[in-house]
Amino acid sequence: MSGSEHPKRRLRSQDWFDNPDHLDMTALYLERFMNYGTTPEELRSGKPIIGIAQSGSDINPCNRHHLDLAKRVRDGIRDAGGIPIEFPSHPLFENCKRPTAALDRNLAYLGLVELLYGYPFDGVVLTTGCDKTTPSALMAASTVDIPAIVLSGGPMLDGWHDGELVGSGTVIWRSRRKYAAGEITKEEFLERALDSAPSVGHCNTMGTASTMNAMAEALGMSLTGCAAIPGAYRERGQMAYRTGRRAVELVLQDIKPSDILTREAFLNAIRVNSAIGGSTNAQPHLMAMAKHAGVELHPEDWQVHGFDIPLLANVQPAGAYLGERFHRAGGVPAIMWELLQAGKLNGSCPTVTGLSMAENLAGKEAIDREVIKPYGEPMRERAGFLVLKGNLFDFAIMKTSVISEGFRLRYLNQPGREGIFEGRAIVFDGSEDYHKRINDPSLAIDEDCILVIRGAGPLGWPGSAEVVNMQPPDHLIQRGILSLPTIGDGRQSGTADSPSILNASPESAAGGGLAWIRNGDTIRIDLNQGRCDMLVSDEEIVRRKAEGIPAVPADATPWQMLYRQTVTQLADGATIKGAEGFRQISKRPPRH
Ligand code: FES
Ligand code: MG
């Protein structure tokens, strides 16, 4: 269908702007849009009204160039016969929002649901970029279920410092170790970090932002190739234009998120996440999106469908390169092309292009094999998330694509005990406690220790913090031991290169097993059995329970109070309890 044809059916927006039964209300709805020059003829023409959910602003620098890209989106919408109406969505800036932007993902979701439901939109362009801007937008799009399409802002250009690639976030973790080892000064630490951000765009590593935009593309919710185009490339503006055009066509063709977001689409996304070495934050976010889409996704799906997939993308933190080169190598379509040829992708999934995923991927083979490996010659075999359980938690994941050779040899390849490690627990209550005590000699931390952090989950932090990738004490780093096994009920940054055991659910603050571990306990990690246990008797655990759950900070804001009252655990996506019951609400128009 061409963009110029008008749809046969009555559009949702006409209930506001062209409603003979409620002429007085129509007058009210229409009049104020006149005050910036819109005409009643436009709004009453029956042309699709397309929202542009603007996630960019001065306090979300990762998405800020969407303020410019929106002009090209508007052009596309107009050229396809639609009418653009741009509006702000709740900003989510990962690096700056305290105590964590994770607290705000559900708030942004709630806000967007109210806007998409309560205003006269027939379709929406979801502008995404920084980590949680993608899942919050797709969660809301599913709840309301009007035609929706994702426009990623794209990553920053590759960062360079002294002839070395420096990638967002990853440079921080690596520089911290260099600083602890005495290899760089504080000033150089700062310069390396600043050089990792050379242009507009989101993190240029395969952190949570690039991962979640790849997930949107893998789910079929963006145009082919949208995720990886750098924010500063001319192709990004062109993608914005095409996305605007396509949004109008989606309305005319009545293609909604519920037509695209199937279980098969989510399983495709899980496989793509393994192949790109994607962020561990994809686990709660995909789970949350699936819940709001009414799709049954199980925590074990990460192991069953994702673990055996090899790592194909040579991109930091699991590999060497950054987002700009990844895009030039073929980006997400080239990764998906490999999976499709290997029979590891469901090519029949419908997408926002109107074509199947397999049709979208025709001819998308990688053009730079240094960066995107063939399925048969990967960076690493079986590179997905391991799913673990035991008496410390019912669910946690471990990102295997970032296990270094040194870590593997020291902890996982002990002769006769491959995949099994026992260590002495060093337990921290929150990150302040960690920073205060990690270099305390009385803890006597050595390479046989396992660092544990609790109070970092959705209830405990609150919001769940990226703090599980704890650095060893300085004296170990100076001896070349750059990472210890770590376990926690929080998350870790998608840019971190630590093989932590994280997202532990239920968390300590909810009375999970981590609440009952004590300093000096032995922890046994058995990756073959998928288990992680404290070697403490049941009787002793019962005794410790009488001591109560370790304290967490009080609510500091009204939203923190509401968030804690409503949030689920990370295994379940840290969604709002009961919100998944509100699906496809656009079928029931709001009262006038
Ligand atoms: Fe916003 Fe990484 S901090 S994308
Ligand atoms: Mg993050």
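Here is a walk through this structure, from the whole chain down to single residues.

Keep in mind that this is a predicted model, where local features need pLDDT of at least 70, side-chain atom pairs count only at pLDDT 80 or more, and totals for chains, interfaces and linings use all residues. Residues are numbered from 1 along each chain as its sequence is written, while chains are lettered from A and ligands numbered from 1 in the order in which they are written.

Let's start with the overall shape. The C-alpha trace of the protein chain spans about 75 × 55 × 45 Å along its principal axes. A compact globule of 592 residues would have a radius of gyration near 25 Å, and the protein chain agrees with its 24 Å (this radius is taken over C-alpha atoms, and the globule rule is 2.2 Å times the number of residues to the power 0.38). Of the 592 residues, 56% count as buried. Here, a residue is buried if 20 or more other C-beta atoms lie within 10 Å of its own, exposed if 12 or fewer, and partly exposed in between, with C-beta atoms placed from the backbone.

What is the chain built from? It has 22 helices and 14 strands; these are DSSP runs numbered from the N terminus, with helices being H or I of at least four residues and strands E of at least two. UniProt, in an unreviewed entry, lists residues 47-360 as "domain: Dihydroxy-acid/6-phosphogluconate dehydratase N-terminal". That span is 49% helix and 9% strand. UniProt positions are in the numbering used here, feature names are shortened, and annotations may be inferred rather than shown by experiment.

Now zoom in on a helix pair. The axes of α6 (residues 133-144) and α13 (residues 282-293) come within 8 Å and cross at roughly 10° (axes are lines fitted to C-alpha atoms, for helices over the stretch in contact, and angles run from 0 to 180 degrees between N-to-C directions). The two helices are therefore roughly parallel to each other, a label for angles under 35 degrees; over 145 is roughly antiparallel, 65 to 115 roughly perpendicular and the rest oblique. On the α6 side, P135, L138, M139, S142 and T143 meet H285, A288, M289, H292 and A293 in α13.

D145 sits in the loop between α6 and β4 (148-152), and its phi is near 60°, a positive value in a residue other than glycine. Is D145 buried or exposed? It is buried, because 23 other C-beta atoms lie within 10 Å. D254 also has a positive phi, about 55°, without being a glycine. D254 is found in the loop between α10 (234-253) and α11 (257-260), and with 15 other C-beta atoms within 10 Å it is partly exposed.

Finally, check two prolines. The peptide bond from W461 to P462 is cis, with omega near 0°, and P462 lies in the loop between β10 (449-454) and α20 (474-478). The bond from S505 to P506 is cis too, with omega near -5°, and P506 belongs to the loop between β12 (501-505) and β13 (522-526).

Notes: Two residues are in contact if their C-beta atoms, placed from the backbone, lie within 7 Å.
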